[in-house]
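The following note sets out numbered points on the structure shown below. Please read each point alongside the coordinates.

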Amino acid sequence: AVVESDILFRNPKTTKNISLETPAITITVKPLPEKNQPDSFSGAVGNFYIVLKMANQLPYQYDPVSVKLIIGGTGNFPLITDPDISWPEGTGASRPQVTEVLNKYVFPLSGEKIFEYALETRATGDFIIPPVSFTYFDPGDAKYKKAVTGSIHYTVKKDKRKINLEKIIRHPRQIPIQYYYFGVIALGIAGWIIYLLVKSKK
């Protein structure tokens, strides 16, 4: 460290080095208890909550829907991975886009980790996304806990645009009859021109 005073300001070439030393700190890291450790535990330590949200619960067929799984609270967010989600039969979802909204200036970290999925809607009807659970270790209570979301009920409606397209295909718009007359006349003129050209070459 460099110490300066009024004398030093008057003589800028004068400096004095001082060595500073903090006392040693001993840290004891306790292992996580193996007793009663759930199979679903993946290393999350802290105090968390979990929420499952769906942007539109009345989507049209073939329109992908955003589904967000939000894990919030305090703890070691970098070790949190996306929990298993049982998607309804006949549907599927993309790999999640992960976003962290954290306050990195406090300890432990606090905020939210968001997993956003694009859910397919190939079939119509009523569907249910069952509750999603997330297991973590709470150091305050020194025990494993499980946070659980509610289920989501949604209905996929038949795409009206597809219905209209089917109507167009099944019942094509009739061509006005005068177009056929023009076509016959055009063919007659083209035939007459070809006849004159062939005749002139002879």
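1. Salt bridges. The structure contains four salt bridges, a salt bridge being a side-chain nitrogen of Lys or Arg within 4 Å of a carboxyl oxygen of Asp or Glu. The model is predicted, so local features need pLDDT of at least 70 and side-chain atom pairs count only at pLDDT 80 or more, whereas totals for chains, interfaces and linings use all residues. Residues are numbered from 1 along each chain as its sequence is written, and side-chain values use heavy atoms, with hydrogens and water left out.

2. The bridge between strands E5 and E6. Lys-113 and Glu-100 meet through their side chains in a salt bridge, at 3.3 Å from N to O. This pair links distant parts of the chain, with Lys-113 in strand E6 (residues 110-119) and Glu-100 in strand E5 (residues 97-103), 13 residues apart. Helices (H or I, at least four residues) and strands (E, at least two) are DSSP runs, numbered from the N terminus. Lys-113 is buried, with a relative accessible area of 6%, whereas Glu-100 is partly exposed at 37%. Here buried means under 20% relative accessible area, exposed over 50%, and partly exposed in between (1.4 Å probe, protein chains only).

3. Leu-69 belongs to strand E4 (residues 65-75) and is buried, with a relative accessible area of 0%. The C-alpha atoms of Leu-69 and Lys-113 are 8.4 Å apart in space, while the two residues are 44 residues apart in sequence. Neighbours within four places in sequence aside, the contacts of Leu-69 (heavy atoms within 4.5 Å) include Lys-113, Ile-114, Phe-115 and Tyr-117, and also Ile-50, Val-51 and Leu-52. Pro-83, Ile-85, Val-132 and Thr-149 are also among the contacts of Leu-69.

4. Further charged pairs. Glu-120 forms a salt bridge with Arg-122, and their closest N and O atoms are 3.2 Å apart. Glu-120 is partly exposed, with a relative accessible area of 34%; Arg-122 also counts as partly exposed, at 45%. The side chains of Asp-141 and Lys-145 meet in a salt bridge at 2.6 Å, N to O. Asp-141 is partly exposed with a relative accessible area of 44%, and Lys-145 is partly exposed with 24%. Asp-138, Asp-141 and Lys-145 are linked in a network of salt bridges.

5. Aromatic pairs. How many aromatic pairs does a search of the whole structure find? The search finds eight. The rings of Phe-41 and Tyr-144 have centres 5.1 Å apart and planes at 75°, so this pair is edge-to-face. Rings of Phe, Tyr and Trp (its six-membered ring) pair if their centres lie within 6.5 Å; planes under 30 degrees apart count as stacked, over 60 as edge-to-face and the rest as tilted. Phe-41 is buried, with a relative accessible area of 14%, and Tyr-144 is buried, with 15%.

6. Phe-48 and Phe-134 form an edge-to-face pair, 5.7 Å centre to centre with 85° between the planes. Phe-48 in strand E3 and Phe-134 in strand E8 (residues 133-138) are 86 residues apart, and their pair links distant parts of the chain. Both Phe-48 and Phe-134 are buried. Together with Phe-77 and Tyr-136, they form one aromatic cluster.

7. A charge over a ring. Lys-157 lies over the face of Tyr-60, at 4.5 Å from the ring centre. The criterion is that NZ of Lys or CZ of Arg is within 6 Å of the ring centre and within 35 degrees of the ring normal.

8. The chain as a whole. The protein chain has three helices and 10 strands, in the order β-α-β-β-β-β-β-β-β-β-β-α-α along the sequence. Of its 202 residues, 24% are buried. Among contacts with a separation of 6 or more, 67% are between residues 24 or more positions apart. The accessible surface of the protein chain is about 15400 Å², and carbon and sulfur atoms account for 57% of it. Accessible areas come from the Shrake-Rupley method with a 1.4 Å probe; for residues, only the protein chains shown count as cover.

9. A nonpolar surface patch. Ile-185, Ile-189, Ile-193 and Leu-197 form a nonpolar patch on the surface, with about 380 Å² of accessible area together. Ile-185 is found in helix H3 (residues 177-201). Patches are made of residues with over 30% relative accessible area and no salt bridge: like charges are joined within 9 Å, and nonpolar side chains (Val, Leu, Ile, Met, Phe, Trp, Tyr) within 5 Å.
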